[in-house]
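I opened this entry to keep a record of what I looked up, beginning with the whole chain and ending with one residue.

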Amino acid sequence: MKRTALAAASLLLLPLTACGGNAAAGDDGATVTVTVGYQSKTINTVTAGTLLRSLGSFEKQLGALHDGHRYKVVWQDYATGAPITAQMTAGKIDIGSMGDFPLLINAARGKQLNRPTHLVSVTGYNLRGGLNTIVTAPDSPLTSLSDLKGKKVSTSVGSAADGTLVRALQRAGIDPDHGVEKLNQQPAVGASALAAGSADALSQFVAWPGLLTFQGKAKALYDGAQLDLPTFHGVTAREDFARKRPVVLEAFLRAQAEATDYLDAHPVAAAEKVAAATGLPAEVVYLYNGAHGISTFDPAVKPQLVAALKQDVAILKAAKLTGDIDVDAFVDDHWVKQALGASYARRLAATPAPAAAEVWPKGADRTVELPTPAALLSHVKRHRDTVRAAYVADATTGTLWFADKAVWVADGTTLLPFVAPATARAYLAGHGGARLVTYAEALERAS
C-alpha cells in the first residue's frame with residue numbers, strides 16, 4: 001500500500017490504533033507491550049519466531065531505542081497461521097509469521113474486518129516449492145500421484161501444503177475436489193491418521209514430512225519442488241500497529257535480519273537452538289534450515305515470491321476460502337527497506353546456496369561438505385559409526401533429503417539420489433541402463 005493510501009486509511013482507523021499487546025495487557029504510557037504470533041514447529045519461520053526468540057534479538061533492539069518507553073514482548077506460539085490471523089484481526093497480535101497461503105487469507109480477513117495487514121518481510125523460501133511434500137506410510141504400495149485417485153489424503157485446507165496437493169493432483173489429471181477424499185486436519189492429527197491407516201497419504205509443510213521420514217513413519221511420494229513454483233513464509237503486521245509504532249516494527253525487522261545472519265553463519269548451532277526450543281530432532285531442523293537446506297532465509301521481499309503469491313490467489317478462490325485479493329496492496333516492503341538500509345539491496349539480490357551433499361558427524365559443530373553423492377556415500381561407508389546424519393540433494397529438483405531415505409539410482413558408475421519415486425522414474429525413462437538400487441547397495445557400490 002502506498003503511503004498516501006496509508007494516510008487516508010489512518011483517518012478511518014483511529015479508534016483501532018492501540019497496540020495489540022496493549023489492548024490485551026494495558027499500556028501505562030511508559031511500558032509498551034508488543035505481541036508476536038509465531039509457529040515454533042513451522043521451522044521455516046524461525047528467524048521471525050523460534051530462533052529470534054532464543055537469541056533475544058528483538059528485545060535487544062527494543063532496548064536500544066531509548067525513546068522513553070519500556071518494552072515488553074509477549075510471544076504466542078501456534079500450530080498454524082489461522083489462529084494468528086484471528087488474533088491479529090481481533091487486535092491482539094501485532095506481528096505474525098505464516099506461510100504464503102495463510103498470508104493471503106490474512107490479507108483477505110484483514111480487509112474484510114477493516115483491520116488491514118501487510119506482508120512486511122520474508123522468512124524462509126524455496127524457489128521450486130520444495131518446502132511442501134506428500135508422504136505415505138513406509139509400507140504403502142502407492143508410488144505415484146495417480147495412485148492417490150480415490151484415496152484419503154490428509155492436509156490442512158488453506159495451507160501451502162494444501163496448495164501443493166491441489167496443483168500436483170491437477171497436473172496428474174486428478175480432480176482435487178472429487179478425485180480424492182481430502183481430510184482437513186491439523187498436521188499432528190494427519191500424522192496420526194497416516195500412522196493409523198485412516199489416511200493413505202499426507203500433504204504437509206515443513207517440518208512434518210522430514211520429521212515423519214526421519215522417524216521411519218513415512219516415505220516421500222511427491223517432492224513439492226516438482227511443481228517448480230516458489231513457496232515461502234513471511235511476516236505480516238497490522239497496519240494500525242505499524243503506523244502507530246513504526247520504530248518497533250523496524251526494530252523487529254532488524255532483529256529478524258540479525259537472526260538470519262546468525263543462522264547463515266552458524267547453521268548447526270542454530271539447528272540445535274531450534275531443536276532445544278521445539279523438541280524437534282536437530283537433524284530434521286538442519287534438513288530444512290541448514291547451510292544447503294531446503295529453505296533459504298532472507299527478509300527481502302523478492303519479486304518472484306510476490307509473483308508466486310499472485311498465482312496462489314486462484315487456488316484459494318477455487319476453494320472458496322477467499323475472494324479477490326489485492327496482493328500489491330498487501331505487500332509493503334518499505335518498513336524492511338527502512339530498517340535494513342543499504343544492506344537491503346544486497347539481500348534482495350542474494351540467491352540460494354547451491355545444492356551440496358553434507359555429513360553431520362556426531363559431536364561436531366559443523367558439517368562436512370562432499371562434492372558428489374558418491375563421495376558422500378564413500379565417506380559414510382568409512383565412518384558409519386560416527387555419522388549423525390547425511391544429506392543429499394535430489395538430482396533433478398535439488399531438494400535436500402536424508403541419504404538413507406532417498407531413492408537411489410545407479411547409472412553406470414554414477415550414483416544419484418532422488419526424494420521421491422516419481423523423480424527417480426523420470427530419470428530412468430531418459431537414461432537407458434540406469435536402475436534403482438537400495439541405499440545399502442549404493443553404499444556398497446561407493447568406492
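I looked first at contacts (heavy atoms within 4.5 Å), and in the protein chain 75% of those with a separation of 6 or more join residues 24 or more positions apart. I noted that this is a predicted model, in which local features need pLDDT of at least 70 and side-chain atom pairs count only at pLDDT 80 or more, while totals for chains, interfaces and linings use all residues. Residues are numbered from 1 along each chain as its sequence is written, and side-chain values use heavy atoms, with hydrogens and water left out.

I then looked up the secondary structure, and found 20 helices and 18 strands in the protein chain, both being DSSP runs numbered from the N terminus (helices H or I, at least four residues; strands E, at least two). The radius of gyration, taken over C-alpha atoms, is 22 Å, close to the 22 Å that the globule rule (2.2 Å times the number of residues to the power 0.38) gives for 447 residues, so the chain is as compact as a globular protein of that length. Along its principal axes, I read a C-alpha trace spanning about 70 × 50 × 40 Å.

For burial, I found that 57% of the 447 residues are buried, meaning under 20% relative accessible area with a 1.4 Å probe, protein chains only.

Leaving aside residues up to four places away in sequence, Thr-50 touches Tyr-38, Gln-39, Ser-40, Val-274, Ala-277 and Thr-278.

Technical notes:
Buried < 20%, exposed > 50% of the residue type's maximum accessible area, 1.4 Å probe, protein only.
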